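Please read this report with the sequence and the model side by side. Each section takes up one topic.

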Amino acid sequence: MEKELRILMLEDEEEDAKLLDRVLTKERIRFTRTRASSREDFINALDTFNPDLILSDHALPQFNSIEALRIVQKRKINVPFIIVTGTVSEEFAVSCLRKGADDYILKSNLSRLPSAISHSLHEHENNKVRKEQKEALEKQNADLIKINKELDSFVYSISHNLRSPLASVIGVVNIAKLDHTKNKGAVEHYFDMIGKSTLKLDDTLKEILEYSQNLRTDLEISRINLKEIVDESFDRLKYLKGSSAIEKQFDINNEEPFHSDRHRLSTLITHLLSNAIKYRDERKSDRLIKIKVTISSAQAIINVWDNGVGIHQDYLPNVFNMFFRANEKSEGAGLGLYVVKEVVQKLKGTIDIKSEYGQWTQVLLTLPNIKTE
């Protein structure tokens, strides 16, 4: 064994412990050990010694190997537990193995101890690998189930979200052909309807592309200027209806350089600001969007607040669901916040939305400051 083993011996007799030392040394097993002779010593050693292996006598004053084994199992300490004891019955030995002991060795036959240790360590390593493989497979299956479920929903919903504006365009074009010689004003109205339907179709296609890119491309980490990204997002949205009538405030506390994926961060900011503009409250004269950013060496906290129409409390738990619309004013495909959530998860961050219906909405993003070598 190349690794030096950390062995916890539950043994009330130091001479017996030294006997085990000699057997292991003779077999050239590299180890360091500590001895516990009571429940308190044993628990303390589990906490401080971090053993790779436990060798336990069965009967100690006011404590025994079965109680020790239960403590190890309760704490979910995954190391071999071998009982090393005097003469015992076959029934007792079988009972110990059924309770979870890896092996038992008689003190009268310690020659078997090295092979028992080697076998137990090998089995635990194999079990650890199998457990990791099982967990990885379960995660894969869960991801596949999620993807298949979302794909079913995606195919059904997106066919409607793509065909509906296309059908509108086709219908309006046919009506415009009939009316173009009679009413010039009506034709202009038709063009406006065509434009709205086309923009809706374009938004849906962009959200599909953003979702696909986030899912399939790796992170590209670089130093980020958040003020620049916010300015670019507002500039990109300046032609959105109502944008010019909203006051924008930006406050950044930049203690440290911030590193993240620029494209994904731009996607997040643009979606959140777009929603704040789209769901403004026309009844208010002081329409406002506030972005506050605090950057530390560990993370960036981005707070986006607006005094728009808000989100009803009944809808808040579902706002990140695919194709969910929380507002009757919504004309999109219902993919925006779903894409935002997926991007945040890709960046290993968190997102939280709070809102008071008719008053305000606040989105709180916490994103890790991804250090580069």
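Gln-62 is exposed, with a relative accessible area of 80%, where exposed means over 50%, buried under 20% and partly exposed in between, for a 1.4 Å probe and protein chains only. Gln-62 sits in the loop between strand 4 (59–60) and strand 5 (63–64), and its phi is near 65°, a positive value in a residue other than glycine. Helices (H or I, at least four residues) and strands (E, at least two) are DSSP runs, numbered from the N terminus.

Asn-50, which is not a glycine either, has a positive phi of about 55°. Asn-50 belongs to the loop between helix 2 (39–48) and strand 3 (53–56) and is exposed, with a relative accessible area of 55%. Most residues other than glycine have a negative phi.

## How the model is read

This is a predicted model, in which local features need pLDDT of at least 70 and side-chain atom pairs count only at pLDDT 80 or more, while totals for chains, interfaces and linings use all residues. Residues are numbered from 1 along each chain as its sequence is written, and side-chain values use heavy atoms, with hydrogens and water left out.

## Strand 7

Strand 7 runs parallel to strand 6 (residues 81–85), and 4 bridges join them; two strands pair if DSSP finds at least two bridges between them. Asp-103 is the bridge partner of Ile-82.
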